Amino acid sequence: MLLTDNISILKNIGQARAEQLGRLGIETIGDLLEFFPRDYLDRSQIEKIAGLHHGQMATVLVSRKGEAQTRNAGAKTITRIHFSDGTGRIAITWFNQPYMATNFKIDEKYYISGRVVWDAHGISLENVEWEKAGGKENLSAGRIVPVYRLTGSLSQKILRPLIKQAIDGAIEQIEEFLPPQIMTKQGLCSRAFAVCNIHFPNSAKDYFDARKRLVFDELFLMQAALVMAKGQLRYEMPQERMWNNMDITPLLAALPFDLTHDQGKVVGEILSDIDSGYALNRLLQGDVGSGKTAVAMIICYLAVKNGTQAAVMAPTETLAVQHFHAFVSIFEPFGTRCALLSGSLKASDKKMIKAGLEAGEIDIIIGTHALLQENVNFYNLGLVITDEQHRFGVRQRATLTEKGDVVPHTLVMTATPIPRSLAMVLYGDMDISAIRQLPPGRQIIDTYSVAKSYHQRIFAFIAKEIEKGHQAYVICPLIQKSEDDEGEATSKKAEISQVLAFAQELKNGVFVAYNVGILHGKMKPAEKNAVMEAFAKNDIQILVSTTVVEVGINVPNATVIMIENAERFGLSQLHQLRGRVGRSSIKSYCILVTDAKNEVTQKRMQAMTKTNDGFVLSELDLELRGPGEFFGTAQHGLPRMQLANLYKDTEILAAANLAAKTLQIDEHAPLQRKVEQLLGKIEQISL
Ligand code: ADP
Ligand code: MG
């Protein structure tokens, strides 16, 4: 039996069963071995019938007493059999399984597990699982018993022996891909032992050893693959590319504010990275509105002062334009040449900008994905800053980094704080800084959660804010239809027409006295920009939008955000959206509108009304989603973790992180192969 063999070579697998297993992602013997239990039952204790308690889950070792009785009750057949273990008798009833009557031989012993029921008729067991005792090794009783995810009519009783067959036939082929020094250092058992014992552990200790090894493997391989995907970890800067001029005072003087303590601290961390002789490779986490742009400007200033070009990549055109204006206003007095490269430029303008970049006539280029194109070349790229980087794929970021003749300094910025443990997995290769403080004078954004019946009151409130000269966002998410309802394109249209209808209603109704603008994902970039610019200038007072305003839009005069159908958003998205207001010293408000009553929604709304701290919310998000769902992996498109729990396995995570960063993977062929397999799966994901 080979790991690559199809499961159909196993005994007791027909086509129907193979299809069911296929639905669980199991096609080969190897897949079956790596299909780990989701839970366990402790059936290692065998109880005596005389000692059973009502309600208890118990396993007994019994033989049949007397003949089975089968009768019909309406459409049902009822089969009742008595069993005894010498200390007492139990009755077991099966519905619509008349074949049970001939299952139990009178001179054989059976393990039967189930819930104990005491009633007027005596003792019985409910929801039973049974297995013949003696002979073959028992898989469902007399031990710690694995419980697997199932589908269709597949049962634990069918799956366990299949997995056992695979273990017996192929466990020796499980490859040991970890180098021995790591196994010794971390105190890890062999992979084969681990796979065997995660299914059928002989003792609690064996189970814990097995789990530790497999969790380590999951976390280690993931991080090793990410390190590989992102390229070099620590790149030593050639002497002639070292930055010698580290004086940032002119730029600090040009900023319209003093840096906050946290901004200053982060700038310090970045400067010392750059000074270290290695390429900067840092992630900057900072809540919405915490002032990451100023940090970016400071580092760009140094890049230019030291004779290199800087590239700032933003995920949307709107954001790139906004950055461009902000940069121009700060850098113009220094004679620094800034340019904008985005998809919607005229071809001739693009051509001119590309030529300027290549000739070194542009110092700071700000742009979208357009920067990644093959025909974008730099004269001497020294710094790459990626804003809101979770929108970009791992490979995309690497692409920009590779555009220099040497590895440029790299700073990635995100306003989506993620829990520490997750950050370690996703950005294990980088140093991490955080701005936790907001600029002075910012007020807490008052947040309310209300039902749709409050619409009129909310509109009145918004109107009052506008009368004060402020502006408002109304977020109205697209209501997604299920995929098989309609083709994707048509349903997208339908969704957008809903937003449009809602916007029209507001425009011609309660807000008829004001200018209402509409923004949605299907608009052309130029149209979006026009609307955003009108909003920024207060030509539009109320912006009705799908979620496209989520990313980094800065209109400090906006003081209310109303989020319709708030249950459609996750906590971090809600927090992102809320960050569109509260961007000045004017008091701001966030109104979450939902009629959903389910517990998760309620908890999310509560969390939003209680705290403004994105880091606290991100930890809460992890908790609310539960360890099973492995926060962020679905969202980030990482392969699902089978066993690792980021909430609990923090020690193994730290060990795996260190190993992934320090081990020369290409010196260990089996490991390298394993990592490369994973790499194929993660290259497309976005981090
Ligand atoms: P984000 O971190 O979300 O990108 P921005 O860089 O857009 O935040 O900054 C948000 C707003 O705060 C901007 O209007 C910016 O000018 C202002 N700001 C940034 N730093 C400071 C500071 N130290 N003091 C006062 N205002 C600041
Ligand atoms: Mg920003």
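## Where the ligand sits

In this predicted model, ligand 1 sits in the second largest pocket. There are 17 residues around the ligand, and D258, Q263, G289, K292 and T293 are the ones that come nearest. Sorted by type, that shell splits into 5 nonpolar, 7 polar and 5 charged residues.

## Polar contacts and burial

On the nitrogen side, a nitrogen atom of ligand 1 has a polar side-chain atom of Q263 at 2.8 Å.

As for burial, ligand 1 taken alone exposes 570 Å², and the protein buries 83% of that.

## Cysteines and disulfides

How many disulfides does a search of the whole structure find? The count is 0. As a quick reminder, a disulfide is a covalent bond joining the sulfur atoms of two cysteines.

Take C300 and C338. The closest cysteine sulfur to that of C300 belongs to C338, but it is 8.3 Å away, so the two are too far apart for a bond. The cut-off for a disulfide is 2.5 Å between the sulfur atoms. C300 itself is buried, with a relative accessible area of 0%.

Methods. Residues numbered from 1 in each chain as written. Chains lettered and ligands numbered in written order. Predicted model: local features only at pLDDT ≥ 70, side-chain atom pairs only at ≥ 80, totals over all residues. Heavy atoms only, no water. Near = heavy atom within 4 Å. Polar contact = N/O pair within 3.5 Å; in protein donor to acceptor, adjacent residues only side chain to side chain. Areas by Shrake-Rupley, 256 points an atom, 1.4 Å probe, with all protein chains shown as cover. 1 Å grid on protein atoms, 1.4 Å probe; cavity = no way out; pocket = protein on both sides within 12 Å on 5 of 7 lines; lining within 4 Å. Sits in = over half its atoms within 2 Å of the grid points. Nonpolar A, V, L, I, M, F, W, Y, C, P; charged D, E, K, R; others polar. Buried < 20%, exposed > 50% of the residue type's maximum accessible area, 1.4 Å probe, protein only.
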